[in-house]
Structures are given as structure tokens and as C-alpha cells.
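Q: Could you walk me through this model, one topic at a time?

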Amino acid sequence: MATRNKIGIIGAGNIGGELARLIISKELGDAVMLDIASKENFAKGKALDLEQNSAILGYDGNVTGTSSWKDLEGADVLIITAGIPRKPGQNREDLVATNLPIIRDVADHAKEVCPQAFVIVISNPLDAMVYEFFRRTQSDNNKVVGMAGVLDSGRFQLFLARAAGVSVKDVRAMVLGGHGDDMVPVLSQCTIHGIPVTQLVAKDVLDTLVKRTRTGGGEIVNLMGTSAYYAPASSAVAMAEAYLHDLKRILPCACYLKGEYGYKDLYVGVPASIGGNGVEKIIEIELSSEERTMLEKSVANVSSIVDIVKKSL
Ligand SMILES: NC(=O)c1ccc[n+]([C@@H]2O[C@H](COP(=O)([O-])OP(=O)(O)OC[C@H]3O[C@@H](n4cnc5c(N)ncnc54)[C@H](O)[C@@H]3O)[C@@H](O)[C@H]2O)c1
């Protein structure tokens with residue numbers, strides 16, 4: 001008998017709620033939102049609101065709120081948002097002390113109840129949290145990825161579209177490296193309907209857009225007092241959809257590197273093909289010497305945060 005996909009969402013906060021809304025509105029499967037015991041009722045209330053919303057908008061799918069990991073048994077996909085977001089003045093690294101025990105708790109439960117799930121980590125600092133989830137669970141590295149590149153590339157795409165005065169649909173941008181303020185917008189691979197952006201947008205404008213993309217998360221934190229959640233949720237859902245529907249989409253994701261781009265035993269944002277087997281291929285693109293230097297700096301930063309994680313074993 002055919003069954004619906006089960007998609008676990010860990011953390012029923014801002015991103016968690018938007019994830020559940022997108023998952024059922026796209027009819028990707030049933031969503032189970034898990035939060036800590038003191039927020040179980042909050043998760044249940046959000047789930048009920050979303051189910052009532054589906055009755056009005058006309059789509060099928062169950063949403064459950066829970067604090068019991070039993071409800072996640074057999075989940076096909078797990079999307080992890082558990083942890084605190086940034087406040088104005090904080091950088092992502094400031095979250096390590098709080099979010100590290102949380103990701104460890106989540107990893108231990110996930111390993112027990114849904115070891116076969118395709119896991120997408122969102123919690124920050126992203127590259128270190130996804131590394132720790134993978135290290136702790138010892139899962140297949142192709143089934144554990146981090147979400148950052150789709151979001152950062154989306155931000156860059158929007159800024160480029162506005163600057164060039166074109167539809168955002170025609171812009172393709174790629175942001176690689178770590179999910180920090182030294183991420184690498186790869187200008188040599190950014191195009192507007194196949195035309196290199198460098199031919200359509202002036203160099204000084206591109207420089208400001210690169211800077212704005214790198215600090216794009218902080219710009220929203222300063223405005224709202226907390227992190228972005230609509231675009232982060234859409235980005236993770238694009239990755240989940242690529243897996244569930246075996247789309248083999250090429251998406252920039254934080255993937256476990258085993259020598260690709262010259263790095264080993266680290267999660268770094270790289271272009272990857274996502275399909276029914278998870279990360280099916282990591283694509284190594286040619287980088288200019290300037291981009292290569294930027295990537296080195298970004299990876300050095302990822303590595304220094306992972307070192308903090310390793311020291312606290
Ligand atoms: N990767 C990215 O690109 C990206 C983008 C935006 C935000 N983020 C990060 O995503 C995370 C979530 O952001 P948010 O805005 O949804 O935060 P939020 O505070 O709205 O929600 C987080 C939820 O996690 C829950 N939680 C805490 N510990 C838990 C545990 N052990 N088990 C289950 N749930 C637990 C909290 O109770 C809370 O409801 C933050 O770390 C934020 O920095 C990442």
C-alpha cells in the first residue's frame with residue numbers, strides 16, 4: 001500500500017511553522033513538528049491552525065505537534081531548526097554554546113528513531129551544527145546536508161535582479177563556502193538568462209551587492225530582532241522536494257567533503273546534485289584565483305568553529 005511521506009520538523013518556532021505550512025501546501029507529505037516539552041502545546045496549537053488553514057485553502061496533509069520523539073519514528077525527511085536564532089549584534093558563532101547541546105540531543109534521538117531519514121540541518125552556526133549532527137550519528141554522509149547556499153544564493157539573486165532591472169526568475173546566482181559573513185558569491189558563475197552578470201551590472205555595483213549578500217542575514221536580524229524565516233524555510237523545502245521526488249536538482253548545500261575542492265572532513269557549501277539517494281554528486285567548478293582565495297578564508301573560518309565543537313567533546 002502506498003503511504004504518505006513523513007517529514008519531521010525539529011523546532012516549532014518561526015522556521016518550523018513556515019516549513020510545515022509549505023510542506024502541506026505542496027502536499028509533500030504529513031508534517032510532524034517536534035519541540036521541547038514546555039512548548040508542546042505551542043507546537044500542537046500551531047499544527048491545528050495549519051490543518052484548519054488547509055481546509056480553507058484545499059490541500060491534504062496532516063500536521064502534528066508533539067514533544068515525543070516516538071512520533072518521528074520512520075520519518076523520511078528530518079529538517080532541524082532546533083536552537084536559538086541570532087539577536088541584533090550577535091554573529092552566528094555566538095550561538096555555538098547554546099545550540100551545540102541542542103544539536104547533540106537532536107542527533108541522539110534522530111539516530112534512534114529515524115536513522116534512514118534524509119536530514120537537512122538549518123540551525124546555526126550551520127556548518128558546525130551539520131558537522132556535529134553527522135559526527136554524532138555516524139550517518140551516511142550523503143544523507144546529511146546543511147541548508148545555507150540556497151538561501152544565500154536566493155538573496156544574491158534578488159539583489160542582482162533589482163540592480164539589473166530584470167525578473168528575479170531570469171537570474172542564476174551561486175554562493176558557496178561557509179554560512180558566515182565571508183561566504184563566497186561566485187560571480188564567475190552568476191548569469192542573467194545565460195549572460196554573465198559582469199556584462200550587465202557595473203563592477204562597483206556588484207561589489208556592494210556581494211557585501212550586502214554576505215551580511216544579508218544580519219540585515220534582517222537588525223530589522224526584525226530575530227532571524228529570517230520565510231526564505232530559509234523555502235530553501236530547505238526545495239532541498240527536501242529534490243530528495244523526495246528524485247529531482248537531481250543542482251543546489252548549493254553544505255556537504256561533507258572528502259577531498260573535493262581540496263578540503264576533507266568538513267561541511268562546506270558546494271554545488272551538489274540532490275536526488276533520491278541524497279547528495280548524489282558534488283560538482284567541482286572552476287574558480288577564479290580571487291574566488292579560490294575567498295573560499296580558503298571562508299573554509300578557515302568554518303574549520304575554526306568546528307574546532308570549538310571538537311574541543312568540547
Ligand atoms: N541555515 C540558515 O540559513 C539559517 C537561516 C535562518 C535561521 N537559521 C537558524 O535556524 C534556527 C531556528 O531559527 P528560528 O527563527 O526558527 O528560531 P525559533 O526560536 O523561532 O525556533 C527554534 C525552536 O527550537 C526549539 N528547540 C530548542 N531546543 C530544542 C530541542 N532540543 N528539541 C526540539 N526543539 C528545540 C525552541 O523551543 C524553538 O521553538 C536558529 O539557530 C537560526 O539561527 C539558520
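A: Let me start with a definition: a residue is buried if its relative accessible area is under 20%, exposed if it is over 50%, and partly exposed in between, using a 1.4 Å probe and protein chains only. This is a predicted model, in which local features need pLDDT of at least 70 and side-chain atom pairs count only at pLDDT 80 or more, while totals for chains, interfaces and linings use all residues. Residues are numbered from 1 along each chain as its sequence is written, and side-chain values use heavy atoms, with hydrogens and water left out.

Q: Phenylalanine 134 and tyrosine 256: buried or exposed?

A: Both phenylalanine 134 and tyrosine 256 are buried.

Q: How many aromatic pairs are there?

A: Rings of Phe, Tyr and Trp (its six-membered ring) pair if their centres lie within 6.5 Å, with planes under 30 degrees apart called stacked, over 60 edge-to-face and the rest tilted; by this rule there are 5 aromatic pairs. In one of them, the ring centres of phenylalanine 134 and tyrosine 256 are 4.5 Å apart and the planes stand at 45 degrees, so this pair is tilted.

Q: Which parts does that pair tie together?

A: Phenylalanine 134 is in helix α4 (residues 126-137) and tyrosine 256 in strand β12 (residues 249-258), so the pair ties together parts 122 residues apart in sequence. Helices (H or I, at least four residues) and strands (E, at least two) are DSSP runs, numbered from the N terminus. Phe134 and Tyr256 also form one aromatic cluster with Tyr267.

Q: Switching topic, where is serine 153?

A: Serine 153 lies in helix α5 (residues 149-164), and it counts as buried, with 3% relative accessibility.

Q: And what is serine 153 in contact with?

A: Contact means heavy atoms within 4.5 Å, and, leaving aside neighbours within four places in sequence, serine 153 is in contact with Ala173, Met174, Val175 and Pro252.

Q: Where does the charged end of lysine 39 sit?

A: The charged end of lysine 39 sits over the ring of phenylalanine 42, 5.2 Å from the ring centre, where the rule asks for NZ of Lys or CZ of Arg within 6 Å of the centre and within 35 degrees of the ring normal.
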